[in-house]
Amino acid sequence: MINGHKLRVVIVGSGLAGLTAARILREHHDVTVYERGSEEVATGGQGIMIAPNGVKILDRIGYDHGRAAAVPIYGIRTYKNGNVLEDVGMNLKSWFGADSLAQKRSDFRDELMRLATAPSSELGILGDPAKIVFDTAATGLNPDEGIVTLSDGSTIIADVVVAADGIHSRLRNIVVGSEDYFAKKTGLTCYRVAVATEDAKKELGDLPPPHWWEPNTYQNRSSVIYASDDSPRFITAYPIRNGSYFNLSCILKTQESSTSTTESWNANGDHAKLIELFGDFSESIRRILSAAKEVKVWELQDLELLPTWTRGRTMLIGDAAHAMTPMQGQGANLSIEDAESLRLLAPGTRREEVEDILKLAESIRRPRTAHILAETRKSHANMKVAERLTKNLDFNCGYDGIYAALEARDGVLGS
Ligand SMILES: Cc1cc2nc3c(=O)[nH]c(=O)nc-3n(C[C@H](O)[C@H](O)[C@H](O)COP(=O)(O)OP(=O)(O)OC[C@H]3O[C@@H](n4cnc5c(N)ncnc54)[C@H](O)[C@@H]3O)c2cc1C
């Protein structure tokens, strides 16, 4: 080990995985993130739920719940015909060491951006902030040498390349060595809205707000509202931004939707179509959906398990490695876990050690992800998300970082 030696790290993509990796690695290494989009790169304002396995890692890297206006979630409720079917209270903090957090996606990303780029003195850590280069895509890669070609034609040589370029990753096939791995449609479509509670109140007028909407009655639950007619449609609803907004993810089989959007998960959805598809749930839901200012729609896709995530000094992380549907709400959590596994690139790691270290990280990350992908897929057919979530709680939320996982498997002491 050479004290003071820093690896040159290039991260491709400034999404949730890339920014978390930048925060993890900036303490001891020289980190540059290349992002094809602009500083305002679209992340959508809708909600995202981070489970204790993700939150524990975020807490250790200084994630500020208050800045992200995160709402702690204490359980799941299912509803049908306006009635509570099941109420599963969860004291996740005492079981797993952290609560689940419901957040606006853009607030989440802003806080990750701060952790990646704020002065080290502000964060109380060593090292230098990561540099973020916007409007610059990676267009090519030599994964063994760590040479990244950029959209301006220039090349960068790195000791480590972290490919965090999302579900439609350009670098994935280069790492895997095959053209056969790309995200495919699952037959499910998700409409997503974030509705301001004030706007919804006006729209509801004299109608009493639904049970899952009122702070007094929702009791910080995430709610799953099933269709009254037993058709395969449901809405997941939870408060975000300190309760001033509500996220509603409205999921149905794609054939019931006339909309086709596959390439961007920020595609604008048809508001009238959303109300037509879900307005029969109840009059209050119809009005709440009407109050949405922006509707996003996404045909849910996932990726077969890749035969490898690493090649030479390059590792795929996040959706580039394991895109899956939100039916278990684990995609971003796994992305955070992947990023944290890069802690194995300890201070003083030499260039020639990188390949073996990335393989070690992969040996923990890939089997765990394979299990969660398989469980997520089981919900595609019957749409019983809440039940499967509860069943998988220990496996999903019990993960406690790469060193603990290695210790549990190999008896290697964590640091
Ligand atoms: C409807 C929906 C709801 C979800 N809800 C949840 C949830 O509640 N909880 C959860 O854990 N997960 C959830 N997920 C999954 C989660 O959103 C993803 O797993 C997560 O965003 C993946 O992060 P990422 O950084 O890998 O990819 P992204 O966030 O997509 O980031 C990829 C980045 O790479 C950039 N990029 C792409 N190509 C290049 C290139 N060639 N060069 C440079 N930059 C490039 C892109 O511009 C982008 O900024 C949900 C997903 C969907 C679709």
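**Legends to the close-up views**

**Overview of the chain.** The mean pLDDT of the chain (pLDDT being the predictor's confidence in each residue, from 0 to 100) is 93, and 94% of its residues reach 70 or more. This is a predicted model, in which local features need pLDDT of at least 70 and side-chain atom pairs count only at pLDDT 80 or more, while totals for chains, interfaces and linings use all residues. Residues are numbered from 1 along each chain as its sequence is written. The chain holds 16 helices and 19 strands, where helices (H or I, at least four residues) and strands (E, at least two) are DSSP runs numbered from the N terminus. With a radius of gyration of 21 Å, close to the 22 Å that the globule rule gives for 415 residues, the chain is as compact as a globular protein of that length; the radius is taken over C-alpha atoms, and the rule is 2.2 Å times the number of residues to the power 0.38. The C-alpha trace spans about 70 × 45 × 35 Å along its principal axes. Of the 415 residues, 48% count as buried, a class that requires 20 or more other C-beta atoms within 10 Å of the residue's own, with exposed meaning 12 or fewer, partly exposed lying in between, and C-beta atoms placed from the backbone. Among contacts between residues at least 6 apart in sequence, 73% join residues at least 24 apart, a contact being a pair whose C-beta atoms, placed from the backbone, lie within 7 Å.

**View of the segment with pLDDT under 50.** Over residues 256-262 pLDDT stays under 50, and for this segment the model has 17 contacts beyond four places in sequence.

**View of the shell around the ligand.** The shell comprises 35 residues, of which G13, G15, G166, G318 and G331 come nearest to the ligand; a residue is near a molecule if its C-beta atom, placed from the backbone, lies within 6 Å of it. At least two shell residues are supplied by each of α1 (16-26), β3 (47-50), β13 (184-196), α11 (319-322) and α12 (331-341), and α12 gives the most, with four residues. By class the shell has 16 nonpolar, 13 polar and six charged residues, where Ala, Val, Leu, Ile, Met, Phe, Trp, Tyr, Cys and Pro count as nonpolar, Asp, Glu, Lys and Arg as charged, and the others, Gly among them, as polar.

**View of strand β15 and its two partners.** Strand β15 (residues 233-240) is mostly covered, eight of its eight residues being buried. In a regular strand the side chains alternate between the two faces of the sheet. In β15 both faces are covered, with R233, I235, A237 and P239 buried on one side and F234, T236, Y238 and I240 buried on the other. Strand β14 (residues 222-226) pairs with β15 in the antiparallel sense over four bridges, pairing being assigned if DSSP finds at least two bridges between two strands, and V224 stands opposite T236. Six residues lie between β14 and β15 in their hairpin, where D230 in the turn has a positive phi of about 65°. Strand β16 (residues 245-253) also pairs with β15 in the antiparallel sense, over eight bridges, and I251 in β16 is the bridge partner of F234. The hairpin of β15 and β16 has four residues between the strands, and R241 in this hairpin takes a positive phi near 45°.

Strand β5 (residues 75-80) runs antiparallel to strand β6 (residues 83-89), to which six bridges join it, and R77 stands opposite D87 in β6. Two residues lie between these strands in their hairpin, where N81 takes a positive phi near 55°. With β14, by contrast, β5 runs parallel and is joined by four bridges, T78 having V224 in β14 as its bridge partner.

M327 lies in the loop between α11 and α12 and is buried, because 25 other C-beta atoms lie within 10 Å. Although 51 residues separate M327 from K378 in sequence, the two are 9.1 Å apart in space, C-alpha to C-alpha; leaving aside neighbours within four places in sequence, M327 is in contact with T376, S379, H380 and V385. A137 lies in the loop between β8 (131-133) and β9 (138-142), and A137 counts as partly exposed because it has 16 C-beta neighbours inside 10 Å. A137 and D152 are 15 residues apart in sequence and 8.3 Å apart in space, C-alpha to C-alpha, and A137 touches R36, L150 and S151, not counting residues up to four places away in sequence.

Conventions: Two residues are in contact if their C-beta atoms, placed from the backbone, lie within 7 Å.
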